[in-house]
Amino acid sequence: SMGSGNYAASRSPMRMQKNDVWHQLELGNPGSMPWTTGAAFVTSGYMPIAQELLGYTPAGGRTLLPVTIAPDIRGEYEEEEIERRASARKWNSVTYAQLRKKGTVTVKNHRKEKATMQVRVQVGGKAESATAGGKIRLDEHRAGDWSGYAEALNNHSEVTWELTLNPGESRDLDYVFSFYAR
């Protein structure tokens, strides 16, 4: 999963490459009772390696448990505007432009073995298409997607890719999304 960086990293004069790629354990609940949300402590032998929150998992369901940052898998993100339509929509007596952008996630496997991964991007706006078999899920507006204004006419979108990269392999995952802005 990729997300935003933290405050300390943004202040560093080194400007190191941001890496929000995580090793995660996929756990299945084979029992007849759900797992309620709670702390999970992960060890390798006697060595503690993670303490994270295990989310609610229904009986027979699956969940992902974050373990640690993966320094051997790099993730980068870029966005570019590809279209702008002025006066595209009128809503509550306000006229909005429609912007269309292309987002690109680049992932690279620096490991000596294959890496199976899930890449997920969440964005304010309506995801319209995705390359490489990306699956799109549209949701209702989320105010947290926007700074400055929070217009409810914009969706929230999630795009997810499942892929395996060979050692040294890099892949670009593209998607196109649009949103309305003043």
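Guide: A salt bridge is a side-chain nitrogen of Lys or Arg within 4 Å of a carboxyl oxygen of Asp or Glu, and this predicted model holds 12 salt bridges.

Visitor: What makes the contact between Lys 101 and Glu 79 a salt bridge?

Guide: The N to O distance between their side chains is 3.2 Å, and the limit is 4 Å, so the pair meets the definition. Lys 101 lies in strand β6 and Glu 79 in strand β5, so this contact ties together parts that are 22 residues apart in sequence.

Visitor: Why is Arg 100 called buried, and why is Glu 128 called partly exposed?

Guide: Arg 100 has a relative accessibility of 18%, and buried means under 20%, so the word applies to Arg 100. Glu 128, at 36%, falls between 20% and the 50% over which a residue counts as exposed, so Glu 128 is partly exposed. The two residues form a salt bridge, with their closest N and O atoms 2.8 Å apart, and this pair links strand β6 with strand β8.

Visitor: How do you know that β8 and β11 pair?

Guide: Two strands pair if at least two bridges are found between them, and β8 and β11 have four, in the antiparallel sense; Ala 127, for instance, stands opposite Phe 177 in β11.

Visitor: What makes β5 and β8 the edges of the sheet?

Guide: The open sheet has the order β5-β6-β11-β8, and β5 and β8 each have a single partner strand, so one side of each is left without a neighbour in the sheet.

Technical notes
Residues are numbered from 1 along each chain as its sequence is written. This is a predicted model: local features need pLDDT of at least 70, side-chain atom pairs count only at pLDDT 80 or more; totals for chains, interfaces and linings use all residues. Side-chain values use heavy atoms; hydrogens and water are left out. Helices (H or I, at least four residues) and strands (E, at least two) are DSSP runs, numbered from the N terminus. Buried means under 20% relative accessible area, exposed over 50%, partly exposed in between (1.4 Å probe, protein chains only).
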